[in-house]
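Have a look at the model first.

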Amino acid sequence: MRKVISNIPFKGTDEQKAKLMAVIEANKDVQGAVMPVLQAAQEIYGYLPYEVQLMIAEGLNVPLEEVYGVSTFYSQFALSPKGKYHVSVCLGTACYVKGSGDILDKLKELLGIEAEGCTEDGKFSLTACRCIGACGLAPVITINDDVYGRLTVDEIPGILAKYE
């Protein structure tokens with residue numbers, strides 16, 4: 001089970017809530033509706049905080065545990081907000097063997113957040129992921145669509161400075 005604690009308070013809008021409620025209403029009598037409603041909710045909000053999961057559970061009349069279980073089982077769902085710059089560290093075997101664990105530790109130190117967290121200003125979010133398919137460049141991080149490979153811990157401050 002992923003334990004995710006967001007340091008950013010939930011700030012959904014009335015427009016987002018209305019969109020989600022329309023999706024819930026359209027699916028409330030559909031068997032197996034949790035997955036498609038969660039997908040729509042993530043498109044609406046960008047992630048699935050507790051408050052959104054609760055609306056889904058109540059609206060579909062299913063246990064909150066079921067909604068949480070689905071949202072934490074599938075990697076497509078995020079329980080914390082993503083920053084303007086989303087940093088993802090590959091922890092696949094090739095990257096890990098070549099030091100990606102140390103790179104993740106340096107990023108956590110510099111950003112002041114844990115993996116699956118977001119900086120308070122919303123600028124950076126950090127994720128530890130499995131293989132991204134760039135094993136020849138190990139260790140690898142991505143920042144949005146930018147890929148950085150063959151990294152050392154010493155290079156991380158300079159890379160982050162590009163996004164300041």
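Which residues in H6 are buried? Ser-100, Gly-101, Ile-103, Leu-104, Leu-107 and Leu-111 are, where buried means under 20% relative accessible area with a 1.4 Å probe and protein chains only. Keep in mind that this is a predicted model: local features need pLDDT of at least 70, side-chain atom pairs count only at pLDDT 80 or more, and totals for chains, interfaces and linings use all residues. Residues are numbered from 1 along each chain as its sequence is written, and side-chain values use heavy atoms, with hydrogens and water left out.

**Helix H6**
- Looking down the axis of H6, the buried residues fall within an arc of 160 degrees, so they line one face of the helix; the arc is taken from the directions from the helix axis to the C-beta atoms.
- Those buried residues pack against strand S1 (85-90), helix H5 (93-97), S3, S4 and helix H7 (156-161), with contact meaning heavy atoms within 4.5 Å.
- Helices (H or I, at least four residues) and strands (E, at least two) are DSSP runs, numbered from the N terminus.

- Glu-116 has a positive phi of about 75 degrees and sits in the loop between H6 (100-111) and strand S2 (117-118).
- Asn-144 has phi near 55 degrees, in the loop between S4 and strand S5 (146-148).

**Cis peptide**
- The bond from Ala-138 to Pro-139 is cis, omega near -5 degrees.
- Pro-139 lies in the loop between strand S3 (124-129) and strand S4 (141-143).

Technical notes
Buried < 20%, exposed > 50% of the residue type's maximum accessible area, 1.4 Å probe, protein only.
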